[in-house]
Amino acid sequence: MIRCIAIDDEPLALRQISSYIEKVPYLELVAACPSAVQASRVLEQESVDVLFVDINMPDLSGMDFVRSLADPPMVVFTTAYSEYAVEGFKVDAVDYLLKPFGLADFQKAAVKVKRQYDLRHAAPATVSAPDGDEALFFKTDYKVVRVSLDSIVYVEGMSEYLKIHVEGDPTPVVVLMSMKRLEDNLPPSRFMRIHKSYILNLSKIREVSRSRVLTTAGDSLPIGDSYRDAFGAYLDSKFLGK
């Protein structure tokens, strides 16, 4: 089941979208929230796959709420104002529903959500060769590509696609997958997420400044505010100087 939160400050609209969610067999309504603040509390306690969120809400808009999340789930925006459509897609929204919308329009958005969900949960195959060389297999460009874990310098998130930057290869491996899904399949002792858009192979660090990491391949990667403390703790555990 795809776990959902509905967020809208208008009671009638909130009841409508909640009822639509309950009519789609592969969607599960986790909570119906009248504000983004209440939704944030739910997210602290529950695992959620998609937000159906109104853009125009008092105190904290749906757009600002999604932008504030370090690792947001999928998002479908709802609003009565068509001029927000472009802004919605700038934050990688799966779809955009213009009010008033009916069940047929909602079901079309739900199909897009399911398609994204299935892609995000298509796990790469992991293998370990007799010599201990671990690798992942990815489907890309109608073929299966083997990527050694040791050869990965970093992974870059590009909307629903990932670019896997491999040592010695100027062309990254491009795959259709979420950052979270790949992160869950990488050993945490060797890889760390340092930004919402970057996963770093810790053995490929050349230099670290306050806000950036220089890799052994010469790439400069940003360190995100939400990941700075965890990355700093890793550095402290390895630091031998004063």
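**Contacts, burial and strands in a predicted model**

Student: Which residues does K112 touch, and how do you know that they are in contact?

Tutor: Leaving out residues up to four places away in sequence, K112 touches V94 and D95. Contact means that heavy atoms lie within 4.5 Å, so K112 meets that limit with both V94 and D95. In sequence K112 and V94 are 18 residues apart, while their C-alpha atoms are 6.8 Å apart in space.

Student: What should I know about the model itself?

Tutor: The model is predicted: local features need pLDDT of at least 70, and side-chain atom pairs count only at pLDDT 80 or more, while totals for chains, interfaces and linings use all residues. Residues are numbered from 1 along each chain as its sequence is written, and side-chain values use heavy atoms, with hydrogens and water left out.

Student: What makes the link between D95 and K112 a polar contact?

Tutor: Their side chains are joined at 3.5 Å. A polar contact is a pair of N or O atoms within 3.5 Å; within protein, one must be able to donate a hydrogen and the other to accept it, and residues adjacent in sequence count only if both atoms are side-chain atoms. The D95 and K112 pair therefore counts as one.

Student: Why is D95 called buried?

Tutor: Buried means under 20% relative accessible area, exposed means over 50%, and partly exposed is in between, with a 1.4 Å probe and protein chains only. D95 has 9%, so it is buried. K112 has 34%, so it is partly exposed.

Student: Where do D95 and K112 sit?

Tutor: D95 is in strand β5, residues 95–98, and K112 is in helix α5. Helices (H or I, at least four residues) and strands (E, at least two) are DSSP runs, numbered from the N terminus. The protein has 7 helices and 16 strands.

Student: How do you know that the buried residues of α2 line one face?

Tutor: The buried residues of α2 (36–45) are A36, A39 and V42. Seen down the axis of α2, they fall within an arc of 110°, so they line one face of the helix. The arc is that of the directions from the helix axis to the C-beta atoms. The face turned away from that buried side carries the exposed residues R41, E44 and Q45. Among the elements covering the buried residues are β1 (2–7), β2 (27–33) and α3 (62–68).

Student: What makes a group of residues a nonpolar core?

Tutor: Such a core is a set of buried Ala, Val, Leu, Ile, Met, Phe, Trp, Tyr and Cys residues joined through side-chain atoms within 4.5 Å. The largest has 21 residues, and those with the most contacts inside it are I21, L27, V50, F52, V76, F106 and V113. Helix α5 (103–120) gives the most to this core, with 5 residues. Leaving aside neighbours within four places in sequence, L27 is in contact with residues including I21, F52 and F106. A second, separate core of 20 residues includes A31, A39, V42 and V53.

Student: Why are β11 and β12 said to stand at the edges of their sheet?

Tutor: The open sheet of 5 strands has the order β11-β10-β9-β13-β12, with antiparallel pairing. β11 (173–176) and β12 (191–195) each have a single partner strand, so one side of each is left without a neighbour in the sheet.

Student: How do you know that β12 and β13 pair?

Tutor: Two strands pair if DSSP finds at least two bridges between them. β12 and β13 (198–201) have 4 bridges in the antiparallel sense, so they pair. R193 stands opposite I199 in β13, and the two strands form a hairpin with 2 residues between them.

Student: What makes β12 largely enclosed by the rest of the structure?

Tutor: 5 of the 5 residues of β12 are buried, so the strand is largely enclosed. Across the protein, buried residues make up 43% of the 242 residues.
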